[in-house]
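Hi,

Here is the structure I promised to pass on.

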Amino acid sequence: MYLIYQRTVLSIVMDQLGKVWKFVGDILFFKFLHISFFFRKCQQEGYFQLLIGRALLTLREVSMFLNTLTPKFYVALTGTSSLISGLILIFEWWYFRKYGTSFIEQVSVSHLRPLLGGVDNNSSNNSNSSNGDSDSNRQSVSECKVWRNPLNLFRGAEYNRYTWVTGREPLTYYDMNLSAQDHQTFFTCDSDHLRPADAIMQKAWRERNPQARISAAHEALEINECATAYILLAEEEATTIAEAEKLFKQALKAGDGCYRRSQQLQHHGSQYEAQHRRDTNVLVYIKRRLAMCARRLGRTREAVKMMRDLMKEFPLLSMFNIHENLLEALLELQAYADVQAVLAKYDDISLPKSATICYTAALLKARAVSDKFSPEAASRRGLSTAEMNAVEAIHRAVEFNPHVPKYLLEMKSLILPPEHILKRGDSEAIAYAFFHLAHWKRVEGALNLLHCTWEGTFRMIPYPLEKGHLFYPYPICTETADRELLPSFHEVSVYPKKELPFFILFTAGLCSFTAMLALLTHQFPELMGVFAKAFLSTLFAPLNFVMEKVESILPSSLWHQLTRI
């Protein structure tokens, strides 16, 4: 019974499939009849003959027109093409130098790709792996954050003196605007309007005109001994480091009194707590700048003591990065054991890195082997364990900030460091090399070891924007931020080095080729005319051959086959 039932079901299914196949065949048959009727109607009306005739006539007219062209036309054509492509090349080159990308490619991606139905890769990647990319995005944002330069110079005693001598502005508006925001954050609070001197200074930090800020600071000092007013005068009005130190000492006297009073009242309410936080920031800033004044004036041991005391008194205020000032001062004293002790505390995997941390660690390891290092001997016998450790430390430092070696090896000229830096960027490299180049020169053979080994880092990370080795992938935002932080007369170091866009190379080749054709056509018009006609006839030869074959075959053979269908 089961076999009979199975055969019955199979016969029903086959019957239905046969009906479906017959229905599809009928549809195709009628479609085929319609197509054959269309071709037969076109043949009766002569539409195909008319279309072919028009095409042949147009081709003959084009051939006659090309044969009548004179060499002057070719000179004008190639010259105009060369001029237009040259203008496009100049614009593309200027746009690439200014913005780091091709204008044609940017327009194509932004405007033409959506019109052609392109899919945005970023949106698809975000929809598919939003959770996986969130950590890397947060890391990229943190690495592209602009930081206060812990070794920033004094605006009045150093930056302004540079402007007086050279006539150039070492600081950009963006950098000074960030400094103004820092001053408002650290040196003001909501209760400043209750004290007239602090209210004046709250407005002074927002002033863009330096003279207006200085005048406001003097006005505040006429009312009361204001620590922030002394800070502003020390930073901007003092023309020497000695004058700045004198003003900072007066600021310390006023700021210490305010700090002690607010310390006793900090638990009485949120207003007093905010005021105490402000007074703490003011006191730490003053002591740090006094230590930097002592370092500038050659009293390095005194500066080291002041920095150590400040780090012990306020261990939680790591935002000022006082340990980087301490490292530089200890290197000046050649106290390498103390430098190693500071690195052991701050060169930790859980703490943020900097060029000062990474390159100082590399310098200490290079110091152990650099005086006897020879690339020829190392290639013969191989690297020892100590040399391998030094090379790995250099590779680690170069991976973190690849711009520093060019300044340490004096392959690029140094400028005054900005007041803010971008970690892993050119601005941080300038700030580090400006103060630490002398320390590398003092260690015998250190720069030679760096010169022989630093480029090997790039073989370890061939695609630094996609994958790193010891650190996260190199952020893509450094070039844009550095261009805003660094003055316009400085050539920003870019990593990885960008290749010229395709359209710049294409327009350069097109401009050169058309200019050469224009010159040859002007010098040898008859010969170039013969070459042009031969080239065009060769170019249209396949089309002429096809049209002749179609014209000869069409009436006798092709139409006969179509009517038989």
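I started with the cysteines: the sulfur of Cys258 sits 7.6 Å from the closest cysteine sulfur, that of Cys226, which is too far for a bond. A disulfide here is a pair of cysteine sulfur atoms within 2.5 Å, and searching the whole structure turns up zero of them. Cys258 is partly exposed at 26% relative accessible area, while Cys358 is buried at 1% (buried is under 20%, exposed over 50%, partly exposed in between, with a 1.4 Å probe and protein chains only).

Before you go further: this is a predicted model, where local features need pLDDT of at least 70, side-chain atom pairs count only at pLDDT 80 or more, and totals for chains, interfaces and linings use all residues. Residues are numbered from 1 along each chain as its sequence is written, and side-chain values use heavy atoms, leaving out hydrogens and water.

Next, a helix pair. The axes (lines fitted to C-alpha atoms over the stretch in contact, with angles from 0 to 180 degrees between N-to-C directions) of α12 (residues 241–265) and α13 (residues 270–296) come within 8 Å and cross at roughly 155°. That makes the two roughly antiparallel (the label for angles over 145 degrees).

Gln334 has a positive phi of about 60° though it is not a glycine; it is in the loop between α15 (322–332) and α16 (336–346) and is partly exposed at 43%. Glu410, also not a glycine, has a positive phi near 60°, and at 54% relative accessible area Glu410 is exposed.

Cheers

Technical notes. Helices (H or I, at least four residues) and strands (E, at least two) are DSSP runs, numbered from the N terminus. Angles under 35 degrees count as roughly parallel, over 145 as roughly antiparallel, 65 to 115 as roughly perpendicular and the rest as oblique.
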